[in-house]
Amino acid sequence: LAQLQKTQETFDAERIIHHTTLPSPMLPYATAPEAEAALGRAMTRAEAAWLRYSASMPDHLLYCHNVAILLLLYTLAPLPLALLELRARAAPDGVAAAVMRPSTYKLQPRAHLPPAAFVRCYLDTGRVLLLTVGALSLVSYPAVKMVGIRTGLPLPSAGEVAAQMLVYLLVEDYLGYWIHRLLHTRWGYDNIHRVHHEFTAPFGYAAPYAHWAEVLILGVPAFTGPAIVPCHMTTLWLWFLLRHLEAIDIHSGFNFPFNPTKLIPFYGGADHHDYHHRVGGQSQSNFSSVFTFCDHLYGTDKGYRYHKASLEKKRV
């Protein structure tokens, strides 16, 4: 009996240690009836799916999904653009074929890169992202919890998510504008930002191609919006996904007339940002990453507007 009692005491002690040292699950309930009782209503299909996926998963692992989302998105989203870029090099000459050539929509049609440049950019950027964003995700989780990023039910409504996305875009665009201008000071450019400007004719894979310090610095305006207006973890995933897609779009090097982003008011797009890269390190134009009103408000779009006016005169 004494031996059995000692074994039970040891088991209880190990269970207490295990419970206190492992991260707690994100949800205080593990079954659908418990969740619906807490909500006071039936769960939606999305909420039921979220419960099944996350009920037993620690919060910090859910937060680290951002790394996998980023790497997967960076691998797949620019791929069609890279294939178009390579196809533009091999496109036939002639007026009849011009309409169908990818170079018709290419902002810098004379700029072509070999396949090796795409591979090098992808590998270098992937390594930097893994070492910076990956490492940061491991240590920044306490800050995520501190600002109030929630992981439970209910899930946010579509209207709530849309409002938060708008706030995050506006905050990131304004702060990113000033950080971008600081990176174009002599010290900032020579020591950090020149890496990103290595490609004067940008393409999708070059969107996050940057010095490791710049990747960390630009994380500040991206996270400031969620810190001001806390959201659900799924909204945070969506925000980072949307922000990276937007970065890939403005670095695409193509100005497609059917791009749905042209319907977004004040959205700069690839044409706006491509000019910034074309001018290079001496550029004092088009610092905004999303919208154009900061450049217009602070007068840093004069060179771009003069460039567009000159192109219009040539067409006439």
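Buried means under 20% relative accessible area, exposed means over 50%, and partly exposed lies in between. Keep those cut-offs at hand, as they come back at several stops. The structure in your viewer is a predicted model.

**Stop 1: the largest core**

Start by selecting Ile149, Met233, Leu236 and Trp239. These are the residues with the most contacts inside the largest nonpolar core, which has 30 residues. Now colour the elements that give two or more residues to this core: α3 (45-54), α4 (59-63), α9 (141-147), α10 (158-183) and α13 (233-250). Which element gives the most to this core? It is α13, with six residues.

Next, show Trp239 with its surroundings. Leaving aside residues up to four places away in sequence, tryptophan 239 touches Met165, Tyr168, Leu169, Glu172, Ala222 and Pro226.

Before moving on, find Tyr74, Val133, Val195 and Phe199. They are among the members of a second, separate core of 17 residues.

**Stop 2: along helix α13**

**Stop 3: an annotated span**

Select residues 60-84. An unreviewed UniProt entry annotates them as "transmembrane region". In the model this span is 88% helix and 0% strand, and its end C-alpha atoms lie 38 Å apart.

**Stop 4: two prolines in one loop**

Move to the loop between α9 and α10, where you will find proline 154.

Is proline 156 buried or exposed? Its relative accessibility is 15%, so proline 156 counts as buried. Show its contacts and, beyond residues up to four places away in sequence, you will see Arg150, Val161, His232, Thr234 and Thr235.

**Stop 5: aromatic pairs**

The structure holds 20 aromatic pairs, and two of them are on this tour. A pair of aromatic rings is described by the distance of the centres and the angle of the planes.

Select tyrosine 105 and phenylalanine 258. Their ring centres are 6.3 Å apart and their planes stand at 80°, so this pair is edge-to-face. The two residues are 153 apart and link distant parts of the chain: tyrosine 105 is in the loop between α7 (95-98) and α8 (115-139), while phenylalanine 258 is in the loop between α13 and α14 (269-279). With 28% relative accessibility, tyrosine 105 counts as partly exposed. Phenylalanine 258, at 59%, counts as exposed.

Now go to tryptophan 178 and tyrosine 298. This aromatic pair is edge-to-face too, at 4.9 Å centre to centre and 65° between the planes. Here tryptophan 178 belongs to helix α10, and tyrosine 298 sits 120 residues away in the loop between α15 (293-297) and α16 (302-315). Tryptophan 178 is partly exposed at 33% relative accessibility, and tyrosine 298 is partly exposed at 32%.

Ring pairs link Tyr105, Phe254, Phe256 and Phe258 into a cluster. Lysine 106 also belongs in this view: it lies over the face of phenylalanine 254, at 5.7 Å from the ring centre.

**Stop 6: two positive phi angles**

Most residues other than glycine have a negative phi. Select phenylalanine 266, whose phi is positive, near 65°. Phenylalanine 266 is in the loop between α13 and α14, and at 55% relative accessibility it counts as exposed.

Finish at asparagine 286, in the loop between α14 and α15. Asparagine 286 has a positive phi of about 60°. Is asparagine 286 buried or exposed? At 0% relative accessibility, asparagine 286 counts as buried.

How values were computed. Residues numbered from 1 in each chain as written. Predicted model: local features only at pLDDT ≥ 70, side-chain atom pairs only at ≥ 80, totals over all residues. Heavy atoms only, no water. Core = buried A, V, L, I, M, F, W, Y, C linked by side-chain atoms within 4.5 Å. Buried < 20%, exposed > 50% of the residue type's maximum accessible area, 1.4 Å probe, protein only. Helix = DSSP H or I, 4+ residues; strand = E, 2+ residues; numbered from the N terminus. Contact = heavy atoms within 4.5 Å. UniProt positions renumbered as here; feature names shortened; annotations may be inferred. Phe/Tyr/Trp six-rings, centres within 6.5 Å; stacked < 30°, edge-to-face > 60°. Lys NZ or Arg CZ within 6 Å of the ring centre and 35° of its normal.
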